[in-house]
Amino acid sequence: MESLLPLLKQYFGYDSFRPLQGEIIREVVNGNDVLALMPTGGGKSVCYQLPALYLDGTAIVVSPLIALMKDQVESLKANGVPAAALNSSLSEKDRTAIRHHSMMGHLKLLYMSPEGIQAELDGLLACMKISLIAIDEAHCISKWGHDFRPEYSQLSVLKDRFPAIPVIALTATADKLTRQDVVEQLRLASPQVFTASFDRPNISLGVLRGYGRKEKLAYMLTIIRSLPGESGIIYCTKRADTESVACELRAAGINAAAYHAGMPAIERSRTQEDFINDRIDLICATVAFGMGIDKSNVRFVIHYNMPGSIENYYQEIGRAGRDGLRSHTLMFYSPADYIMLKKFAEESGQSQINLDKLGLMQRYCESDICRRRILLNYFGEEREQNCSNCDACQNSPRRFDGTVLVQKALSAVMRTEEQVGIRMLIDILRGTVRNDITAAGYHLIKTYGAGRDLPFKTWKEYVYQMIQLGYLEIDYQNESTLKITPAGRRVLQGESQALLATLREFLPPSESAKDRRMNFAAQRAKATEASDASLVGALRALRRTIAQDTDVAPYIIFTDASLQDMAIRKPTSLDEFTAVRGVGDIKLRKYGPAFVREIRKYLGLP
Ligand code: ADP
Ligand code: ZN
């Protein structure tokens with residue numbers, strides 16, 4: 001083990017292991033099978049890359065997507081590790097060359113698709129000295145997971161064929177069924193299972209209810225403008241929305257583009273490349289986007305609509321802040337989203353499971369308690385403490401006696417015989433003139449206009465609270481009309497008091513994050529943001545120039561975390577530069593001089 005840490009510094013530029021990395025690596029180099037469950041950004045790659053460097057022979061890495069392989073191989077090469085990906089995107093000539101290098105033992109890592117494994121089982125793989133087998137995104141083997149890939153099912157042959165070679169399966173999906181399934185299907189030999197905490201303390205969490213198109217746009221613009229030049233993803237359920245939102249953002253001067261599976265492949269891959277290379281700041285995408293992207297400096301993820309399950313949601317927000325720096329997430333949620341997803345779920349093959357998952361997602365959105373606690377509880381990690389980095393924590397609501405408000409609303413629901421939805425209810429309360437209200441005679445009821453004093457939006461928030469508190473429920477079977485619950489009846493009859501939460505305004509990330517407890521990396525990042533934003537800017541510009549000249553992605557040269565660390569340490573010599581996070585031997589030699597020069601220039605040194 002002693003010799004592993006120097007390898008970590010030499011090749012990856014890190015001084016210490018992240019939680020569980022050391023333990024996992026020890027098992028693998030001792031020849032044991034391992035299942036590693038770590039959140040996105042937890043540092044899974046090092047868990048097999050370091051053993052690959054340590055052990056004799058070549059590690060085979062199974063990965064589901066070509067983009068993912070390409071990214072990993074480029075990163076490894078930038079650190080001086082001989083690696084390649086053998087896949088269908090290559091010319092026959094390149095494939096031959098890679099086969100040759102593999103057989104000669106020139107490579108430390110060889111990335112392959114599951115189909116490739118199948119095809120090469122008796123050919124290439126039989127002639128190589130294999131050090132270990134890593135199965136990335138291992139949940140793809142399980143039908144229980146959210147991303148089942150039939151071609152992964154074939155991977156069980158690996159253990160039969162190479163019983164003595166350690167297999168390490170890695171995934172960011174932690175639910176129990178999937179976990180067991182992965183172990184069984186891969187036929188792992190009494191594997192050690194390592195589960196890292198799924199907490200991502202550097203990512204802030206927020207949910208906004210009931211925003212319309214215009215309000216969403218305005219809100220997103222506030223966020224985007226508070227993070228100028230930073231990368232972000234906006235997830236939309238509908239393809240058409242990805243295009244219209246991108247269009248609206250562009251009209252507002254934001255450098256945004258759309259991405260969905262219906263676009264021509266060329267355009268899609270160009271958009272993805274532009275995003276990876278920091279040429280486009282913002283992508284409005286369906287969930288088709290992101291799976292193959294390891295970009296570490298995504299600073300915010302916005303859900304334009306509610307996702308269908310907490311697993312999906314967590315994976316999607318997990319694409320923010322892989323580098324450990326402070327990042328933001330926000331979800332817009334409306335009943336319309338729920339209704340659409342419910343239809344999808346019902347039409348799916350596993351409708352009950354999917355409906356249950358959707359129900360939990362909805363409850364998350366409507367909750368007023370610490371969101372991180374809900375998420376971590378969902379993944380089986382019990383949390384006693386509030387996180388102080390979510391909207392619920394930051395605005396823990398003050399309660400007031402809202403009995404009269406609730407009575408007004410419920411009385412209107414009763415007098416309209418539970419035939420109205422949220423919007424019409426509020427219009428009745430506010431005495432709005434609407435043809436359908438008059439036609440139904442609702443303008444004649446006693447509560448018509450009884451809530452004139454409050455704006456529409458405020459009423460909407462309160463009505464949602466009444467739903468959350470269980471006074472009203474939405475009858476999804478019946479055009480989403482509102483029904484009074486037994487608890488609601490008790491308030492209406494004056495038998496119990498209703499405590500409502502004072503309305504909270506969700507603050508844009510720049511303001512809301514003040515004085516919050518943040519993880520170490522985030523605090524340091526904040527320190528630099530405050531003092532040396534212009535140095536970080538200069539380093540970033542240098543990174544971009546080098547990226548353009550050498551045709552590699554900026555974050556492969558250095559992550560944002562490395563740039564931040566440089567701006568804190570301000571190394572003025574190559575010797576000092578070695579200490580920067582993420583600087584290994586190769587990057588020191590290759591990029592050290594230029595970055596040190598830039599820092600000296602900033603400090604006014606010759
Ligand atoms: P995952 O595959 O689990 O999503 P990655 O392997 O891409 O995560 O790692 C996420 C980020 O953390 C990368 O930028 C990586 O370089 C960095 N990282 C990994 N291990 C360490 C470590 N021991 N110390 C500091 N940073 C690390
Ligand atoms: Zn919280």
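**Strands, then zinc**

Modeller: Strand S2 (residues 58-62) pairs with strand S5 (residues 130-135) in the parallel sense, over five bridges. Strands are DSSP runs of E, at least two residues, and helices are H or I runs of at least four, numbered from the N terminus; two strands pair if DSSP finds at least two bridges between them. This is a predicted model, where local features need pLDDT of at least 70 and side-chain atom pairs pLDDT 80 or more, while totals for chains, interfaces and linings use all residues. Residues count from 1 along each chain as written, chains are lettered from A and ligands numbered from 1 in written order, and side-chain values use heavy atoms, without hydrogens or water.

Colleague: In S5, which residue is the bridge partner of Thr58?

Modeller: Ile130. S2 also runs parallel to strand S4 (residues 109-112), with four bridges, and there Ile60 partners Leu110.

Colleague: Are the faces of S2 covered or open?

Modeller: Covered, both of them: Thr58, Ile60 and Val62 are buried on one side, Ala59 and Val61 on the other. Buried means under 20% relative accessible area, with a 1.4 Å probe and protein chains only.

Colleague: OK, zinc. What are the protein donors of ligand 2?

Modeller: The SG atoms of Cys370, Cys387, Cys390 and Cys393, 2.3 to 2.4 Å from the ion. Donors are N, O and S atoms within 2.8 Å of the metal (3.2 Å for Na, K and Ca), and sites may look incomplete since water isn't among the atoms.

Colleague: And why is the arrangement tetrahedral?

Modeller: Because the four donor atoms subtend angles of 101 to 121 degrees; four donors count as tetrahedral if all angles lie between 85 and 135 degrees.

Notes. Buried < 20%, exposed > 50% of the residue type's maximum accessible area, 1.4 Å probe, protein only. Tetrahedral: all angles 85-135°; square planar, octahedral: opposite > 155°, others 65-115°.
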